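Biologist: I would like to learn how to read salt bridges in a model. Please take me through some cases.

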Amino acid sequence: RTSHRRHLNDPTLERHFKGHRDTITSVDFNCNMKQIATGSMDSCLMIWNMKPQMRSYRFAGHKDAVTSVQFSPSGHLVASASRDKTVRLWVPSVKGESSVFRAHTGTVRSVCFSADGQNLVTSSDDKTVKVWTVHRQKFLFSLHQHINWVRCAKFSPDGRLIVSASDDKTIKIWDKTSGECVHSFYEHGGHVNYADFHPSGTCIAAASTDNTVKVWDIRTNKLLQHYQVHSGVVNSLSFHPAGSFLLTASNDSTLKVLDLVEGRLLYTLHGHQGPATCVAFSRTGEYFASGGADEQLMVWKTNFDTADYGEVLRLRHTAPCVDRGGVGSTAFPEDSGSSLLHSQGAGMVPAVLASTLEHIVAQLDVLTQTVAILEQRLTLTEDKLKECIDNQHQISSQLQTRS
């Protein structure tokens with residue numbers, strides 16, 4: 001093990017928030033670390049401020065349970081999916097302006113931004129996965145192959161692939177460009193509630209109703225790790241941005257931290273009364289948040305990865321290979337020849353250039369959203385103007401008939 005991971009400090013509960021009136025279904029951190037978004041069965045989206053003196057915002061608009069929330073990569077928008085069959089895009093400020101679009105013909109189970117912030121992928125009980133542009137919420141295409149509700153859909157870190165998980169007991173990997181399903185993983189024990197890509201883009205993890213968590217290599221299509229650590233349905237999971245840890249939430253009311261390098265259970269966290277429904281690491285991995293049926297949002301300080309986080313993220317592409325002699329509930333298949341931490345050292349972008357590019361992308365994102373909001377206001381104005389003209393026509397025609 002590398003030196004920065006020898007001395008693990010236990011995670012600590014930093015804060016907890018209460019404000020929702022029903023089960024919290026989804027949680028996400030803003031990249032600026034100042035805000036956390038949550039969705040709930042109470043039909044509301046809430047934006048919580050990390051600063052204690054700052055108040056939280058409650059956004060009402062959905063007509064039924066909010067099933068999924070996510071901040072855009074720049075942090076200037078929040079997307080929410082709902083049982084009311086719509087997706088909303090919110091500006092996470094006091095006004096809480098939002099645009100709404102009818103996304104599916106059934107409950108929308110999940111919504112996810114692409115890493116460049118340009119696209120959205122949604123999944124639904126109508127058995128489809130759909131891809132949209134963020135600008136104008138223009139529908140691009142549907143992915144049809146699932147034969148039951150689709151619980152979850154996520155973009156790969158490079159935006160070229162999509163993973164979807166369905167009640168038909170399959171996890172499908174799709175090529176975004178061609179719309180083709182490139183592989184299906186079959187879950188015989190139960191269906192998958194939640195799936196996501198490893199930060200390297202080479203693996204996926206799946207949380208299942210059979211109480212297990214599995215990690216698959218999408219290059220070889222082989223099962224890498226199989227964790228049987230929960231005693232209840234696993235509802236959600238989140239990879240640490242450095243790629244070494246996986247966080248899970250279960251109906252057994254616990255959160256678990258899995259060490260992917262050693263293939264073992266690292267921590268069991270008891271905080272929620274009743275099912276733990278959702279988890280998410282912050283963008284740096286320094287914090288993580290969890291939500292539950294107890295209507296509580298809990299924010300934890302990670303601590304167990306005590307290295308400089310910027311350094312860890314920079315080292316991610318040149319990290320050591322996975323130790324296959326891991327202890328605990330799992331082992332790597334001997335013939336897999338795979339590494340969870342995919343080495344790409346040759347293609348790294350200098351840190352200064354990367355941060356400048358990120359800043360430019362964020363600024364472009366702000367401009368795009370501003371234009372989108374202005375366009376919406378213009379459309380509203382046009383509609384009102386049309387209404388006024390129609391009214392005038394009606395009045396003048398009534399006057400003419402009288403005379």
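Biologist: Are Glu187 and Lys214 buried or exposed?

Modeller: Buried means under 20% relative accessible area, exposed over 50%, and partly exposed in between (1.4 Å probe, protein chains only). Glu187 is buried, and Lys214 is too. A word on the source: this is a predicted model, where local features need pLDDT of at least 70, side-chain atom pairs count only at pLDDT 80 or more, and totals for chains, interfaces and linings use all residues. Residues are numbered from 1 along each chain as its sequence is written, and side-chain values use heavy atoms, with hydrogens and water left out.

Biologist: How many salt bridges does a search of the whole structure find?

Modeller: Side chains of opposite charge can pair when their charged atoms come close. The cut-off: a side-chain nitrogen of Lys or Arg within 4 Å of a carboxyl oxygen of Asp or Glu. The search finds nine. One of them joins Glu187 and Lys214, with the closest N and O atoms 3.1 Å apart. Glu187 sits in the loop between strand 17 (181-186) and strand 18 (192-197), and Lys214 in strand 20 (residues 213-217), 27 residues apart. Strands are DSSP runs (E, at least two residues), numbered from the N terminus.

Biologist: Which residue forms a salt bridge with Arg151?

Modeller: Asp167, at 2.8 Å between the closest N and O atoms. Arg151 lies in strand 14 (residues 150-155) and Asp167 in the loop between strand 15 (161-166) and strand 16 (170-175), so the pair ties together parts 16 residues apart in sequence. Arg151 is partly exposed at 21% relative accessibility; Asp167 is buried at 16%.

Terms used:
Helices (H or I, at least four residues) and strands (E, at least two) are DSSP runs, numbered from the N terminus.
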